[in-house]
Structure formats: structure tokens, C-alpha cells
Amino acid sequence: MKPFSEEELSGLLTEMLAKLPRPEPVLTVKVSGSDVRLRYRDIISAEHFAHRINIRTTAGKTLATRQSFKAFTEPLKKDPRFFVCGRGVIVNLEHAADFRDAAFCMTDGSRVYVNQELLKPARQAFMEFLLQGERMR
């Protein structure tokens, strides 16, 4: 009923903003001299080897970029979907189907092994990610 109180308008605005889709985070990497924009959700995992980072994607491709692993992972580590499995390896938990035998079993059939010292944090991060997904449904 008019006039609306400031509290009613604020509550309605908060509810409306919560329903708006959020922009998908994107990571820009140089691949063969060209900038490639990767949505976070399209990254399965990445591994640093021989001065290159090999990024496995949901499109079934492996993209190679030359940059430091630290610079590559800095924005990803701020997102709860990503877990650093050890030196030079990061995984997107969104694409992890299971965690067993010291490795994430990925939805594309690959396995991403976790450093021995990180086994407990890896299990915990995976379980928290699964629980958070259940809450979102």
C-alpha cells in the first residue's frame, strides 16, 4: 500500500538484485600470440610444466600459454571452485566427479593427483564445494 516505506523498498530491491544473473568470470590468456577469453566454468584443470601452462577445457582442447603459474592462478584462487593441488597444478571442483586414491576424478575421465601434504585440505575443499552446491539447489 502506498506510500512505501524505505525498508520495504530496500527489501524489494535486495530481492530483485539477488535474482539478476551475475556475469560469468573470465580469464584472458595468450595462446599462440592471441588473447583467448576463457570462462572459469570452461576450465577443467591446468598444469604448469616446462615453462608452459597447459589448460584442459570442457571443449576437449588443451590450450598452452607461457606465463608464471602464480600470475595464472592468482584470480582463480579467489573463486571457491578452484583448488591448487600442489606445485603447478590447479583443478576446477565444478568438474570433479569424485575424490579417491589421492586424486580428483574429473568428469572428462582424467585424474588430477594431489600433493601428499594437501590430501586433507583437498578432501575438505571438495566436500565443502559439494555441500555448497546442494544448498544452492
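Me: Where is the place of leucine 13?

Reply: Leucine 13 has its place in helix 1, which spans residues 6-19; helices (H or I, at least four residues) and strands (E, at least two) are DSSP runs, numbered from the N terminus. This is a predicted model, in which local features need pLDDT of at least 70 and side-chain atom pairs count only at pLDDT 80 or more, while totals for chains, interfaces and linings use all residues. Residues are numbered from 1 along each chain as its sequence is written, and side-chain values use heavy atoms, with hydrogens and water left out.

Me: Why does leucine 13 count as partly exposed?

Reply: Buried means under 20% relative accessible area, exposed means over 50%, and partly exposed is what falls in between (1.4 Å probe, protein chains only). Leucine 13 has 47% relative accessibility, so it counts as partly exposed.

Me: What makes Leu13, Leu17 and Leu20 a nonpolar patch?

Reply: Patches are made of residues with over 30% relative accessible area and no salt bridge, where like charges are joined within 9 Å and nonpolar side chains (Val, Leu, Ile, Met, Phe, Trp, Tyr) within 5 Å. Leu13, Leu17 and Leu20 form such a patch on the surface, and together they have about 300 Å² of accessible area, a value that comes from the Shrake-Rupley method with a 1.4 Å probe, with only the protein chains shown counting as cover for residues.

Me: How do you know that cysteine 85 is in no disulfide?

Reply: A disulfide is a pair of cysteine sulfur atoms within 2.5 Å, and the structure holds 0 of them. For cysteine 85, the nearest cysteine sulfur is that of cysteine 105, 12 Å away, and cysteine 105 is likewise in no disulfide.

Me: Why is cysteine 105 called buried, and what about cysteine 85?

Reply: Cysteine 105 counts as buried because its relative accessibility is 9%, and cysteine 85, with a relative accessible area of 1%, is buried too.

Me: How do you know that strand 3 and strand 4 are joined?

Reply: Two strands pair if DSSP finds at least two bridges between them, and 6 bridges join strand 3 (residues 43-49) to strand 4, the two running antiparallel.

Me: What is the order of the open sheet of 5 strands, and which are its edge strands?

Reply: The order is 5-4-3-7-6, with antiparallel pairing, and the edge strands are strand 5 (62-65) and strand 6 (82-86), each of which pairs on one side only. Strand 4 is joined to strand 5 by 4 bridges, and strand 6 pairs with strand 7 (residues 89-92) over 4 bridges.

Me: What makes strand 8 and strand 10 stand at the edges?

Reply: In an open sheet of 3 strands, the order is 8-9-10 and the pairing is antiparallel. Strand 8 (96-100) and strand 10 (111-113) each have a single partner strand, so one side of each is left without a neighbour in the sheet.

Me: How do you know that glutamate 24 and arginine 81 meet in a salt bridge?

Reply: A salt bridge is a side-chain nitrogen of Lys or Arg within 4 Å of a carboxyl oxygen of Asp or Glu, and for glutamate 24 and arginine 81 the N to O distance is 3.6 Å. Glutamate 24 lies in the loop between helix 1 and strand 1 (26-31) and arginine 81 in the loop between helix 2 (69-73) and strand 6, so the pair ties together parts that are 57 residues apart in sequence.

Me: Which side chain does aspartate 108 meet in a salt bridge?

Reply: Aspartate 108 meets arginine 56, at 3.2 Å from N to O. This pair links distant parts of the chain, with aspartate 108 in the loop between strand 9 and strand 10 and arginine 56 in strand 4, 52 residues apart.
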